[in-house]
Amino acid sequence: MEITKELVLKLHERKDPKRKRMLFELYRDLFTSSMSARFLVDVINEKLSTEAVSLYDIKYIRAKMKKWSVQQMPVKQSEKPEAEAQPKAAMKFPRSEPEPYVKPSKKY
């Protein structure tokens, strides 16, 4: 499904919680810019031709946008799960003497 201005406006009319995420997807380049939040409200409302976005919406989107950007990246799955890659019985840890808490003096 393609995200359009009409879809964002319908979601705004219904007060859908996903409208902020869709708004971010539609205007991703604006949110990543260094514009002030108040100016961004004016720009987006002008593009939508209605007062659909508030200052609170912009602040919420900016707080969540890093999380939303990371979720869009495809997740690579390894060929073998970690449990199959190395069985527990075959795991070997190097043995070494623990470090003393106090270094012995040179007399002894």
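Modeller: Before we start, one term: two residues are in contact when they have heavy atoms within 4.5 Å.

Biologist: Okay. Which residues does tyrosine 27 touch, leaving aside its neighbours within four places in sequence?

Modeller: Tyrosine 27 is in contact with Lys5, Ile44, Lys47 and Leu48, once those neighbours are left aside. Keep in mind that this is a predicted model, where local features need pLDDT of at least 70, side-chain atom pairs count only at pLDDT 80 or more, and totals for chains, interfaces and linings use all residues. Residues are numbered from 1 along each chain as its sequence is written, and side-chain values use heavy atoms, with hydrogens and water left out.

Biologist: How many helices and strands are there?

Modeller: The protein chain has six helices and zero strands. Both are DSSP runs numbered from the N terminus: helices are H or I with at least four residues, strands are E with at least two.

Biologist: And what share of the residues is buried?

Modeller: Buried residues are 23% of the 108 in the protein chain. Buried means under 20% relative accessible area, exposed means over 50%, and partly exposed is in between (1.4 Å probe, protein chains only).

Biologist: Which residues touch the most other members of the largest nonpolar core?

Modeller: Leu23, Tyr27, Phe31, Ile44, Leu48, Val53 and Ile58 do, out of 18 residues in that core. A nonpolar core is a set of buried Ala, Val, Leu, Ile, Met, Phe, Trp, Tyr and Cys residues joined through side-chain atoms within 4.5 Å.

Biologist: Which helix gives the most to this core?

Modeller: That's α4, with six residues.

Biologist: Switching topic: how many aromatic pairs does the structure hold?

Modeller: Four. Rings of Phe, Tyr and Trp (its six-membered ring) pair if their centres lie within 6.5 Å; planes under 30 degrees apart are stacked, over 60 edge-to-face, and the rest tilted. One of the pairs is phenylalanine 24 with tryptophan 68, tilted, at 5.6 Å centre to centre and 50° between the planes.

Biologist: Where do those two sit in the chain?

Modeller: Phenylalanine 24 is in helix α2 and tryptophan 68 in helix α5, 44 residues apart, linking distant parts of the chain. Both residues are buried.

Biologist: Why is the pair of tyrosine 56 and tyrosine 60 called tilted?

Modeller: Their ring centres are 6.4 Å apart and their planes are at 35°, so the pair is tilted. Tyrosine 56 is exposed, at 56% relative accessible area, while tyrosine 60 is partly exposed, at 30%.
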